[in-house]
Amino acid sequence: MKEDRTGQSQVSDSVALEEEVLARWRDLDIIRRLLQHNKGNEYFRFLEGPPTANAPPGVHHIFARTIKDAIDRHRNMKGYFVPRMGGWDCHGLPVELAVEKKLGIENKEQIEDYGIEPFIEQCRESVFTYIDHWSKMTERIGYVLDLDDPYITMKDTYIESVWWSLKEIWKKGLLEEGHQIVPFCPRCGTSLSSHEVAQGYKEVTEPSIFIKFKVATQENTYLLAWTTTPWTLLSNVALAVNPDEFYLRVMHKGQEVIFAEKRVKALLKDGEYEILQRIMGSDLEGLKYEPLFDFFTPDRPGHFVITANFVTMDDGTGIVHVAPAFGEDDYQVGILYDLPFIQAVHSNGTFKEEVTPWKGMFVKDADKLIIKELEDRGLLEGIHMYPHQYPFCWRCDTPLLYYARKSVFIRMSRLRKELMDNNEKINWYPSNIKKGRFGNFLEEVKDWNLSRERYWGTPLPLWRCPDGHEHVIGSRDEIKELTGKDDIPELHRPYVDTIEFPCKECGKTMKRVDYVIDCWYDSGSAFFASHHYPFENEEEFKKQFPRDYIAEGIDQTRGWFYSLLAISTAVFGRPSYKNVICHALVLDGEGKKMSKSKGNVIDPWEVLNSDGADAVRWYLLSSSQPWKPKLFSKDGVNEANRSFLGTLRNVLGFYRTYSDLDGYKPLNRSDPKVRPDIDRWLLSKLNLLSRDVDERMMNFDLTGSAQAIKYFVVEELSNWYVRVNRRRFWGTEDSEEKRTAYDTLAESLLTISKLVAPFAPFHAEKVYMALGIEDKKDSVHFESYPSFDQDLIDETLQKDMELLKQVVELGRAARGSKNVKIRQPLSKVVIKGAEPFGEGLGSIIRSELNIKELIFEENLSKYFEMTAEPDPKKIGPKLRSHAGKAREILLSGDSKELAKKVKKDGIRIEIDGHEYHLTEEDFRFHEVLGERWALGEEGDIEVILDLHLDDDLVNEGIAREVVRRIQTMRKDMDLAYDARISIKLSGDGPINDGVRSFRDYIMHETLADSMEILDPPDGKEWKIDQGILHIQIE
RNA sequence: GGGCCAGUAGCUUAGCUUGGUGGAGCAUCCGGCUGAUAACCGGAAGGUCCCCGGUUCAAAUCCGGGUUGGCCCA
């Protein structure tokens, strides 16, 4: 950075400022050095969540990175070593889909025709399509991250670590094959990802039917169930009831029917049924019933009543038909009760051969026929049209079927307790996520469906022989050991598919299953796989486990936050992170999600180029807590720039302007305790701020910290300290007053630069560098975060200052009420309700209010005068018809005189020959301020200004008007701050008198060497209250 | 359809835990200030605290229902 001692332009524009700082950072290699800063000290263990670089970053990525960076920078300044390894997530379906799109193909067959090898080659390239965008953005926003040596989930070393962890899980017996219910498009012949399914939900109205299942052991008794998918009845193996609800056995239309009490009341009218028995749902458990269809012979016992919590009383009968082949809940409960599994449907959505009447028919088309058959058999109790949400294929609009397919699972449900215990050890910000969204999810945690029938991913290292023996390979060495060969170019498909070896148990050939794994497992392994643990860096891994801090969007709750916890719980038995900030989404200005189709996506570069990175960072961190949705607006960013950063730049500019003129060298470090009150006040506030911010930062409260800093900088430093003390910097001569002012301002700016560093690193750097400190470091970011000095915190002084501010405020309001300009000096102010201020604070009131003398008085009655007016309630009854007239007379005179008279002797009044004597009791009295005074009051505090002007005050007022005009002219002429001038002027009437009597004052204020009164008048014409004024300066 | 979060001035928001006359910033209007000047100071105007119901002497705040938006699921 250039050492510009005068260049104001360089501090007025945030983008220029940041570019200057960026250049400095590049020159001095600051970012790389920060990555090494404090090496050898205790670790603050951060983990970067890996993005996929196959799309450019958006505004929300800046948000996440700002949150991460601010905490990391703070901890780094606190003395911790903060490793910040970058990471890239490479595998997964989104990558494959992007490549498919590029190649113009859209299903697996076409991929295999194209060839797996060239296909994954395309994927590998596609992953880093936008890596330059990411690097550029990362640098531009000042995010300290090691991009030179990132972890990359597709690298062999990373995959090898993942394989190791899978083997650990397998050894614990938690890796098993089973069925998974997947949404399946029968036309496309493929399962869909949840993301795809979510796009295709539509509201449809379909027939729902009530069916009677005959109880096996009792004649004429039926369980009444309800379904919207009649075709699944062929796969029915159980009926589920809610164990905690009451069920009724009722006589209805000559048959005994069992269903939920609440539903009986909802569906049947009184008198349509007769209650025979009231039973708890749990008591129905085990009740056997006759299957509706017998196309399939179950391989184990089924067709009895089970209990399940998912049974609700909202619709249906409170008895749910269970078909494990076609529903997630059904499937889970099927495992729990070891129910038979009946798959009546081909994957193309048609019934199998066994279903003789409807074989080959599309299941949805068979619904009508199934209903008809049930009706014929007398088992149908009714049909209702039922509107509900149902998923359709987003590509071809075919209704999706839920279909059980084979999958490899991690049995997370067996680790439920461990997961919940580990969650207890994590601090969540906001805290409600822990028990809420995340905790609820863990309570019902399902087995992790790990396998994907795809190509571009970490291959599942599971080998199996024809006899079903399994083996998991956990390292490259193990491949060599088992095959005797080491010729696999990389641990990806299709290469690993060729690995074969004899089964240890039966000697038959073991082949790998086809699957790759869920890419969430990749990123969830980052906390160890990034080190290539356990193959390398064991020491480093141990130092960084568990991580202290992660931060990502709330959408990661069931994504990365879960996968990190799940894997560390399964492999290490402990959580892998201690603190986590979940930030909300960044929405557009109207609260809508940004999406390309809506065209409401804000390009981050737009704001980065207009208001700069610090403005964006400051806006995102300070406007509200991270977990509140951000309605991103360019105006908001601009306001952050103007109101906070602009003020900071302005204060710096002010400091530079005068310190340059005076050649001030900062940090003389005069004893703070002997400085003027207002300096000690500012330092007290500053130390309080440092204490507050550091405490908040340690508790991950970024927003509270930013807001506290902003308040100090804008209100206390700029709008109060600097404004009130401007004159101390103006003087030409060196003085104690001036030196201490510089010291206080410089110390404050220095501390602020450090406090602000985690939030607005560029401005912090600029302020730090521009202060002119001699023994500064290469960057503010190498400084220690400010601590506080308890000795400099002065509560009494702070209270006095609050009172003082209030007095000034009231004084100004009093002036306003009588339209007396502040430029007009007044003789005195009377203050009630405040302890007398010392000279230091008193002088502030005098100059702020432009008043000569300060008087503290508790009894203000002498400034008030009594007025009187007749009380209509009293004189009405007394004077009757004369009352109106009397009132008129009494109000026509001077009400103060009236009050005096009445108070003294009462008053006599004659109307139409009647004379009345009115006393004090007949009047109402008010206290009014005398004409000479102006009042401002609030609560217990009253401030009274003396408006009386003697000649001196009038002349001084004129002089100030003149000074102000001359200053404006100096400015318009672009004169240097310290340029000397000569003045020629003349004015109407009293103006020249004023100028003459305050000649020295005017010349001193305007840096004039000479001043004369011109006749006839010449120069620029000004109109002031006292008349016309002409001024010429040179 | 379920779970969670949010709805306060034209805009951005504080207050809600623990009930007691709703505060601020931006924008607007009036006045002031003026060598920090795209700033600042005083004042004004601006509110159905999303809607309905309940609890209570008293509800922005607590409870229930609804509605709108968001997230995660289905």
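A residue counts as buried if 20 or more other C-beta atoms, placed from the backbone, lie within 10 Å of its own, as exposed if 12 or fewer do, and as partly exposed in between. Keep that in mind as you select chain A: buried residues make up 41% of its 1034 residues. What you have open is a predicted model, where local features need pLDDT of at least 70 and side-chain atom pairs count only at pLDDT 80 or more, while totals for chains, interfaces and linings use all residues. Residues are numbered from 1 along each chain as its sequence is written, and chains are lettered from A and ligands numbered from 1 in the order in which they are written.

**The whole chain**

Zoom out. The C-alpha trace of chain A spans about 120 × 90 × 50 Å along its principal axes. Switch to cartoon view and you have 37 helices and 38 strands to look through; these are DSSP runs numbered from the N terminus, with helices (H or I) of at least four residues and strands (E) of at least two.

**The domains**

Now colour 190-402 as domain 1, 630-783 as domain 2, 794-949 as domain 3 and 951-1033 as domain 4. Those bounds come from an automatic or database domain assignment. Hide everything except domains 3 and 4: their C-alpha centres lie 37 Å apart.

**The largest core**

Next, select Val580, Val616, Trp618, Leu749 and Val767, the residues with the most contacts inside the largest nonpolar core, which has 176 residues. Such a core is a set of buried Ala, Val, Leu, Ile, Met, Phe, Trp, Tyr and Cys residues joined through C-beta atoms within 7 Å. Domain 2 and domain 3 both give residues to the core, so it lies between them.

Which residues touch valine 767, leaving aside its neighbours within four places in sequence? Show Leu648, Leu652, Leu749, Ile752 and Ser753 to see them. Contact here takes C-beta atoms, placed from the backbone, within 7 Å.

**Around the RNA**

Finally, select RNA strand B. It is surrounded by 54 residues, and the closest are Ser718, Val722, Lys821, Gln967 and Arg970. To be near the strand, a residue needs its C-beta atom, placed from the backbone, within 6 Å of it. Which helix supplies the largest share of this surface? Pick helix 25 (634-662): nine residues come from there.

Key:
Contact = placed C-beta atoms within 7 Å.
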